Amino acid sequence: MSESSNFVNGKPIIPVLNERTLPKFMESAREAKTVSRNSNRLKLFSGRANPTLSQEIARYMGLELGKISIKRFADGEIYVQLQESVRGCNVYLIQPTCPPANENLMELKIMIDACRRASAKNITAVIPYFGYARADRKTQGRESIAAKLVANLITKAGADRVLACDLHSGQSMGYFDIPVDHVHCQPVILDYLASKMISSSDLVVVSPDVGGVARARAFAKKLSDAPLAIVDKRRHGHNVAEVMNLIGDVKGKVAVMVDDMIDTAGTIAEGAALLHEEGAREVYACCTHAVFSPPAIERLSSGLFHEVIITNTIPVAEKNYFPQLTIITVANLLGETIWRVHDDSSVSSIFQ
């Protein structure tokens, strides 16, 4: 992982290496059981949401992406045609439902329907980023639970299985009436942080809100059992956050803020400002899903963060690159998971 060859504004994009490497945290689990690499009856197809990630997954697996035609009619309707046979095959459709969420979700459902009507044996929706995951419960009267609705739509379209990365809340898995493989992307971020050789005595892992404590605690345990701090936050509206106080000690330490996603960056930026006020030496931001809705880029590049570490579950436009940004690929992780699902091997053992 330390042998980075691609850079963006002087910051590394961790490449997919030729020798099919996995994060060090996962290598022992992989060596424990040999997974069959028989690609017979396995087909990979990519939607238009994140074709670069799909290509990297295919490269790790030693496969070619299937041929598919996706077009848009003049009135905006989506047209999908598979350009090769999938009869009797296990098909994996790679499509995050990132912005524009509604278009990418509809494209995924039409791809699933095309595979079902082409007599695919099993259809797995590989969703690196599951949109609408934040609408997972009712916080006020007369609200919808959109996460459940979207799960129903994907299931009714004909998906037999879902493979998703770092869902906003674990209960979202229960919204599906089909099997869900939940992929945790922490190992690739942990691997990168380990390469920075930060002294464990200087580290403190920070949860940007109370709801993320379990995630931050698990991250801290893997990161040399680092101490934990919590930013107490009160939210007055959607995408609006107000930081109240800090629970824990960060004075003179390197603070690593951990979250599943960064949307407008209001929560994490306010938290970083508080950490600096409390005496933190450096502040790192780590997240799996970089939604980056305006004004996220301005907030993240304002100098509050020493480095912002994200994964490529959502594509980041080149215009949104900034000097502190580091993008780490999860292609190897997803490719290994697909192999294990195809081989009927354990997926959870990867992360143990």
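## Close-up views of a predicted model

**View 1. A cis peptide bond beside Pro295.** In this predicted model, Pro295 has its place in the loop that runs between strand 14 (282-290) and helix 8 (296-300). The peptide bond that joins Pro294 and Pro295 is cis, and its omega angle is about 5 degrees.

**View 2. A cis peptide bond beside Pro100.** Pro100 lies in the loop between strand 6 (90-94) and helix 3 (101-117). Here the cis peptide bond joins Pro99 and Pro100, with an omega of about -5 degrees.

**View 3. Arg142 and its positive phi angle.** Arg142 is found in the loop that stands between strand 7 (122-127) and helix 4 (146-157). The phi angle of Arg142 is near 65 degrees, which is a positive value in a residue other than glycine.

**View 4. The crossing of helix 2 and helix 9.** Two packed helices are described by the angle between their axes together with the distance between the axes. For helix 2 (residues 51-61) and helix 9 (residues 331-342), the axes come within 8 Å and cross at roughly 60 degrees. Angles from 65 to 115 degrees would count as roughly perpendicular and angles under 35 degrees as roughly parallel, and helix 2 and helix 9 are therefore oblique to each other. The crossing in which helix 2 passes helix 9 is right-handed.

**View 5. The crossing of helix 5 and helix 6.** The axes of helix 5 (residues 186-194) and helix 6 (residues 213-222) come within 11 Å, and they cross at roughly 45 degrees. That angle makes helix 5 oblique to helix 6. As helix 5 passes helix 6, the crossing is right-handed.

**View 6. The largest cavity and its lining.** The count of cavities of 30 Å³ or more comes to 2, and the largest cavity has a volume of about 40 Å³. The residues that line the largest cavity are Tyr129, Phe130, Ala133, Cys165, Asp166, Leu167, His168, Asp260, Met261 and His289. By residue type, this lining of the largest cavity divides into 6 nonpolar, 2 polar and 2 charged residues.

Methods
Residues are numbered from 1 along each chain as its sequence is written. This is a predicted model: local features need pLDDT of at least 70, side-chain atom pairs count only at pLDDT 80 or more; totals for chains, interfaces and linings use all residues. Side-chain values use heavy atoms; hydrogens and water are left out. On a 1 Å grid over the protein atoms alone, a cavity is a set of points where a 1.4 Å probe fits but cannot get out, and a pocket is an open set with protein on both sides within 12 Å along at least five of seven lines; lining residues have an atom within 4 Å of a point. Grid points are joined across faces, edges and corners, and a volume is the space filled by probe spheres set on the points. Ala, Val, Leu, Ile, Met, Phe, Trp, Tyr, Cys and Pro count as nonpolar, Asp, Glu, Lys and Arg as charged, and the others, Gly among them, as polar. Axes are lines fitted to C-alpha atoms, for helices over the stretch in contact, and angles run from 0 to 180 degrees between N-to-C directions. Helices (H or I, at least four residues) and strands (E, at least two) are DSSP runs, numbered from the N terminus. Angles under 35 degrees count as roughly parallel, over 145 as roughly antiparallel, 65 to 115 as roughly perpendicular and the rest as oblique. A crossing is left-handed if the near helix is turned anticlockwise from the far one by less than a right angle, and right-handed if clockwise.
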